[in-house]
Amino acid sequence: MERIKIKSIFLRDEVETVHIRHLYYQIDWSDRLIGILGARGTGKTTLLLQRMRLHFQSDDTALYISLDDIYFASNSLIELAETFRVRGGKILFVDEVHKYNGWAREIKNIYDTYKDLYIVFTGSSVIDIYQQEADLSRRAVFYELAGLSFREYLRFADIYSAEAIALPDVLSHHTQIALKLSKDFKPIPHFEAYLDHGYYPFFKENIRTYFLRIEQVIRLIVETELRFVDGFDINNTSKVMQLLAILAENVPFKPNISKLSDKIGISRQTVTQYLHYLEKARLINMLNPAGASISTLQKPEKVYLENPNLHRAIASSEANQGSRRESFLLNQLRNAKHEVSLPSAGDFLVDRKVTVEVGGKGKSRKQIAGVENAFIAADNLEIGIDEKIPLWLFGFLY
């Protein structure tokens with residue numbers, strides 16, 4: 001355990017605390033069991049270490065551990081927790097729980113047995129909490145860490161810092177808000193940079209290898225993390241990569257399940273299941289009409305890449321501008337916890353009451369003519385008026 005402790009101190013002292021995610025301030029850290037889920041590369045480990053450095057810098061009551069550490073090849077999490085507590089430990093920061101067999105059962109036992117021990121754990125977004133052998137859904141408070149919003153990107157890139165803006169304010173007061181913000185920075189060139197390379201926090205480390213890192217993240221998700229999904233056949237990882245490549249070349253994609261099945265060489269039911277797995281892994285977003293079934297047997301009406309940075313990383317051809325715009329808006333709305341579905345007119349129906357059509361600055365209202373409570377999200381527009389809102393402003397929702 002001494003090696004684990006030394007590693008914990010080293011990682012804690014090395015993490016930077018200048019750029020902190022929006023989610024950090026939304027978490028109620030007083031809860032005794034907290035779960036933070038999210039896609040690989042979004043910064044879950046950094047979030048844990050920042051909490052340690054900011055609140056447990058000079059004491060031994062907190063310990064960071066990663067459950068993929070070789071230590072756990074011959075030691076159990078429960079044994080470590082017991083030893084840590086006896087030595088005065090108060091809070092365990094547990095990373096990569098999905099890589100440890102029986103993690104949910106052991107965390108439940110620790111939580112139920114040691115009332116004075118706090119646990120914050122992270123895991124892949126592919127985890128289905130309700131299908132674990134031990135029920136943590138009634139014990140833990142769960143959060144999801146998404147990639148950077150445009151607003152967070154501006155702060156991480158040391159360009160501009162601002163508070164998040166709620167969707168009703170964006171819809172009602174966008175002209176005044178955009179006028180104020182655009183006095184301090186030029187949104188359009190920075191927004192273009194964000195669409196290209198601003199979603200994952202590791203853009204700050206080395207922009208030249210950013211897309212190589214994304215490719216590595218995708219392979220790790222498909223080849224490593226999807227095996228933790230109940231029912232996934234690890235022998236089909238190459239089929240999943242093939243499916244993802246097809247989607248990347250055709251988004252927004254209206255799936256023809258039969259054609260996909262023939263092209264990839266797997267059954268139609270398996271294709272549909274794998275689409276749902278890719279969505280859980282935060283590599284795609286699927287869209288259906290409001291009220292439609294979301295079971296793993298339900299074919300989506302449309303498929304998008306989960307964020308606009310994936311277009312350049314996966315697609316062999318240059319990304320379609322319209323696809324990136326729609327991918328961005330769907331991503332930001334869902335990450336800000338809005339329900340988004342497919343409307344009868346327009347591109348997106350938000351919270352079952354607001355219709356949004358996405359396009360360039362010259363986009364007309366033709367597609368949403370006669371639709372109540374409808375707006376245009378326009379790209380390459382610095383300041384909008386009436387129902388035409390700058391697309392970049394939706395990047396301030398979280």
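Colleague: Which residues line the largest cavity?

Modeller: Rolling a probe the size of a water molecule over the atoms shows where empty space is left. On a 1 Å grid over the protein atoms alone, a cavity is a set of points where a 1.4 Å probe fits but cannot get out, a pocket is an open set with protein on both sides within 12 Å along at least five of seven lines, and lining residues have an atom within 4 Å of a point. Here the largest cavity is lined by Ile-4, Lys-7, Ser-8, Tyr-64, Ile-65, Ser-66 and Asp-69. Helix 1 (2-14) and strand 2 (62-66) are the elements that give two or more residues to this lining. Helices (H or I, at least four residues) and strands (E, at least two) are DSSP runs, numbered from the N terminus.

Modeller: This is a predicted model, in which local features need pLDDT of at least 70 and side-chain atom pairs count only at pLDDT 80 or more, while totals for chains, interfaces and linings use all residues. Residues are numbered from 1 along each chain as its sequence is written, and side-chain values use heavy atoms, with hydrogens and water left out.

Colleague: What is the volume of the largest cavity?

Modeller: A volume is the space filled by probe spheres set on the grid points, which are joined across faces, edges and corners. For the largest cavity the volume is about 40 Å³.

Colleague: Which residues are closest to the centre of the second largest pocket?

Modeller: The second largest pocket has a volume of about 730 Å³. Of the 29 residues that line this pocket, Gly-41, Gly-43, Thr-45, Thr-46 and Glu-205 are the closest to its centre. Helix 2 (44-55) and helix 8 (210-225) each supply at least two residues of the lining.

Colleague: Is Glu-96 buried or exposed?

Modeller: Buried means under 20% relative accessible area, exposed over 50%, and partly exposed in between (1.4 Å probe, protein chains only). Glu-96 counts as buried because its relative accessibility is 15%. Asp-351, with phi near 55°, counts as partly exposed, at 27% relative accessibility.
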